[in-house]
Amino acid sequence: MTGLQDRLTPEQVEEFGRELDELRQRIVADLGQEDVDYIQKLIKTQRGLEVAGRGLLFAGFFPPAWFAGVGALSLAKILDNMEIGHNVMHGQYDWTRDPALSSQNFEWDTVAPSDNWRHSHNYIHHTYTNILDKDRDIGYGILRMDPDQKWHPYYLGNPVYATLLALFFQWGVMLHDLEVDRVVKGERKWSEFKEVRAKIVRKAARQFGKDYVLFPLLTGPMAPLTLLGNASANLVRNLWAFSIIFCGHFPADVESFTEAETEEENRGQWYLRQILGSANISGGKLFHILSGNLSHQIEHHLFPDLPARRYPQIAPEVRAICRKYGLPYHTGPLHKQLFSVARKIVKLALPDRRQPEPEPRTVVGDRQPAAA
Amino acid sequence: MGKLASVAEALLTPHGVDRYLELVDPMLVRREIRGRVTAVRRQTPSTLTLTIRPSRAWRGFQAGQYVRVTVTIDGVRRTRCYSPACSQYRADGQLELTVKAIEDGLVSGYLHRHAEPGMVLGLSEPDGTFGLPDPRPDHVLLISGGSGLTPVLSMLRTLADENHPGEVALLHYENEPADLPYRAELAELVAGRPNFRVRFACTMTERGGDLHGFFSRSHLEQVAPWFGEAETFLCGPVPLMDAVRKEYADEGLSERLHTEEFTPPALAAADGDVTGQVRFTRSGKEFANSGKPLLEQAEDAGLRPEHGCRMGICFSCTQLKASGPVRNLRTGEVSAEDNEEIQLCISAPCGDVEINA
């Protein structure tokens with residue numbers, strides 16, 4: 001089996017890392033007003049959609065208004081969580097020194113508190129991407145998403161757990177920070193999560209209160225319709241976010257790594273792992289925006305703090321670098337990636353039929369960099 | 001209103017009311033303070049006087065204090081301190097800021113080029129302890145140079161509004177007559193007030209001002225022969241400050257001299273500059289800069305700041321840098337902005353640096 005270190009020679013890794021650093025540097029130097037205008041315009045659109053959606057639900061007795069309201073509110077929540085929240089909280093706009101765009105201050109429209117998420121996502125997942133037993137996003141402590149996770153009868157429920165997670169995704173992300181699975185296994189103590197729990201309770205109460213109590217009450221006799229509308233918008237957002245995120249790391253060809261493989265890795269090797277552990281989704285401009293540009297998961301994992309609107313711009317270069325070094329660049333349309341993820345979820349629910357077969361860890365092809 | 005506002009906050013959670021209001025009009029925000037420029041006046045080639053109507057969170061200021069003014073330049077918010085030059089009792093509640101163009105000054109240069117009525121600026125609560133004591137001293141002497149004029153001018157105008165009965169004198173220094181601002185206003189202010197006196201001194205020319213040359217004992221005696229019984233307020237460039245301080249020390253009057261430094265923005269340090277002291281204000285730890293990233297320096301000093309990836313990815317270690325130049329080790333860029341959020345793990349100090357942690 002080919003280890004991570006065997007993909008490129010030390011000289012190649014160094015050169016490869018340098019090329020990516022240069023690419024990053026070029027974009028950092030180019031950041032400016034256009035990037036700020038872009039995110040401000042998106043925020044304005046998001047706020048507009050939210051106000052429109054909430055407003056339309058006041059006329060929810062009229063079915064077209066109800067559907068339009070749910071649509072607008074769903075879009076607002078998707079934009080808030082993906083292209084705005086996720087990206088702002090990655091520090092992509094910290095360079096603007098605008099407190100409203102600060103990674104430390106931003107709070108998003110989901111029950112998961114940004115503080116907790118910054119730890120589990122920005123730190124744990126983005127530092128230890130796809131390292132088994134370190135990256136808790138592999139299966140989120142619930143699912144078997146990698147053949148190297150040892151099978152257990154519990155995993156027969158894999159498709160059911162995945163479906164539930166898709167439906168209640170925001171609550172799943174919230175609970176993810178509690179590491180319940182580790183507490184159950186006795187690896188960590190419940191008391192260690194006191195602070196995390198307090199934040200969860202506060203945030204969830206506010207979100208729940210807004211969507212399921214205050215706004216319904218405000219619409220008086222239509223309260224049940226408003227509640228249903230808000231729940232629907234949350235559901236749409238949940239399904240969408242789940243789909244995009246699962247397509248980013250779990251299609252068939254994406255690789256995972258062992259702790260041993262990644263010990264003392266240098267910057268170039270870290271970049272390499274990000275590329276091998278991520279997958280893109282192809283699509284149009286609107287699709288990329290609605291996915292928070294996580295459709296460019298590879299570029300995002302290489303440069304999590306570059307404004308996401310730059311990912312489409314640099315994608316061809318990243319792809320060219322991958323080709324040069326004989327590295328895979330996983331991408332495909334949403335339906336294909338989703339199907340690949342679904343198949344994996346079902347397949348991994350069952351015990352391995354044969355001895356774990358060596359996954360295709362090496363790309364067949366010329367591993368010598370092309371002459372520059 | 002309070003109840004309504006908190007319901008609105010709850011409905012608009014997690015972003016809050018201001019983030020919606022500002023999209024309608026940036027001046028509608030309730031928590032932050034902003035100001036809309038209502039008038040722009042260029043008194044001298046190098047000064048720009050802005051009249052600003054602050055948003056409703058503004059609670060006024062005391063003469064001598066400063067406010068932090070924020071503008072967005074090429075997508076980045078830049079903040080500088082300016083002292084209002086108007087009386088603290090100004091009738092229309094507006095603020096007057098006089099901004100001197102500094103060579104290579106990012107914010108002052110931007111304002112000089114772009115300020116026009118309608119422009120919205122970020123403002124802070126007023127800050128600073130440079131100010132007139134209460135009750136007012138009987139005799140007050142104000143000495144200023146260049147942009148140091150604004151805080152003492154505010155004191156002068158405030159004392160005029162209070163109909164202060166004692167002696168009040170202002171001694172202001174500029175290089176040459178063309179640089180002297182506020183001449184007409186000050187002539188008018190002293191006109192009906194025999195106990196108020198204003199004298200302009202030009203350091204570089206022999207003509208045009210009331211006095212000439214650098215600060216001297218003779219200037220002091222001409223403007224305020226009673227300076228020994230006065231409280232003196234001083235703000236200006238370092239050489240002026242030093243000269244006045246020395247004179248007052250010689251006279252044994254140091255306790256009656258109140259000063260405000262306006263330090264020019266720290267210059268970006270050259271490559272590989274490992275100098276200065278690093279201070280973590282909340283923990284009170286201070287140590288000599290070793291050149292390592294701030295996170296490591298803090299840890300070496302026995303602090304345990306929050307951190308994550310230690311490689312600039314996760315933003316767990318982001319802290320507010322109060323002042324001082326730091327180098328971003330990933331981009332090589334040096335920044336000396338005050339009150340800037342930095343990632344401790346990839347920022348190395350190059351000079352005196354203060355972190356609010």
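This is a guided tour of the structure, stop by stop, with what to select at each one. The model is predicted.

**Stop 1: the core of chain A**

Select A:Met145 and A:Phe246. They belong to the largest nonpolar core, which has 48 residues, and they touch the most other members. In chain A, α2, α3 (63-88), α5 (158-167), α6 (169-176), α8 (194-218), α9 (223-249), α11 (285-290) and α14 (334-347) each supply at least two of its residues. Which helix gives the largest share of this core? It is α9(A), with six residues.

**Stop 2: a residue in α8**

Select A:Tyr212. Its place is in helix α8 of chain A. Is A:Tyr212 buried or exposed? Its relative accessibility is 18%, so A:Tyr212 counts as buried, the cut-off being under 20%.

**Stop 3: the largest cavity**

Rolling a probe the size of a water molecule over the atoms shows where empty space is left. Here the count comes to five cavities of 30 Å³ or more. The largest cavity has a volume of about 370 Å³. To find it, select A:Trp108, A:Trp117, A:Phe169, A:Val173 and A:Ile245. Of the 25 residues that line this cavity, these are the closest to its centre.

Then show the elements around them. Helices α3, α4 (114-127), α6, α9 and α12 of chain A each supply at least two residues of the lining. Colour the lining by class. There are nine nonpolar, 14 polar and two charged residues.

**Stop 4: the second largest pocket**

From chain A, α2 (33-57) supplies at least two residues of the lining. From chain B, the elements that each supply at least two are α2 (18-24), β1 (33-41), β3 (67-73), β4 (76-82), β6 (120-123) and β18 (340-343). Which element gives the most? That is α2(A), with seven residues. By class, the lining divides into 17 nonpolar, twelve polar and 19 charged residues.

**Stop 5: salt bridges**

Side chains of opposite charge can pair when their charged atoms come close. Over all chains, the count comes to 59 salt bridges.

Start with A:Arg24 and A:Asp305. Their side chains meet in a salt bridge, at 2.9 Å from N to O. A:Arg24 lies in helix α1 (residues 10-30) of chain A, and A:Asp305 in the loop between α12 (297-302) and α13 (311-324), so the pair ties together parts that are 281 residues apart in sequence. Both A:Arg24 and A:Asp305 are buried.

Move to chain B. Select B:Asp92 and B:Arg90, whose side chains form a salt bridge at 2.8 Å, N to O. How accessible are they, in numbers? B:Asp92 has 39% relative accessibility and counts as partly exposed. B:Arg90 has 26% and also counts as partly exposed.

Now select B:Glu340 and B:Lys321. The closest N and O atoms of this salt bridge are 2.9 Å apart. B:Glu340 lies in strand β18 and B:Lys321 in strand β15 (residues 318-323), so the pair ties together parts of chain B that are 19 residues apart in sequence. B:Glu340 is buried, and so is B:Lys321.

Go back to chain A for a network. Select A:Arg136, A:Glu179, A:Asp181, A:Arg182, A:Glu187, A:Arg188 and A:Glu192. Salt bridges that share partners join these residues into one network.

**Stop 6: cysteines of chain B**

B:Cys317 is buried, at 3% relative accessibility.

End at B:Cys350. Its closest cysteine sulfur is also in B:Cys345, but at 16 Å, too far for a bond. B:Cys350 has a relative accessible area of 3% and is buried.

Definitions and conventions
Residues are numbered from 1 along each chain as its sequence is written. Chains are lettered from A and ligands numbered from 1 in the order in which they are written. This is a predicted model: local features need pLDDT of at least 70, side-chain atom pairs count only at pLDDT 80 or more; totals for chains, interfaces and linings use all residues. Side-chain values use heavy atoms; hydrogens and water are left out. Buried means under 20% relative accessible area, exposed over 50%, partly exposed in between (1.4 Å probe, protein chains only). A disulfide is a pair of cysteine sulfur atoms within 2.5 Å. Helices (H or I, at least four residues) and strands (E, at least two) are DSSP runs, numbered from the N terminus. Ala, Val, Leu, Ile, Met, Phe, Trp, Tyr, Cys and Pro count as nonpolar, Asp, Glu, Lys and Arg as charged, and the others, Gly among them, as polar. A salt bridge is a side-chain nitrogen of Lys or Arg within 4 Å of a carboxyl oxygen of Asp or Glu. A nonpolar core is a set of buried Ala, Val, Leu, Ile, Met, Phe, Trp, Tyr and Cys residues joined through side-chain atoms within 4.5 Å. On a 1 Å grid over the protein atoms alone, a cavity is a set of points where a 1.4 Å probe fits but cannot get out, and a pocket is an open set with protein on both sides within 12 Å along at least five of seven lines; lining residues have an atom within 4 Å of a point. Grid points are joined across faces, edges and corners, and a volume is the space filled by probe spheres set on the points.
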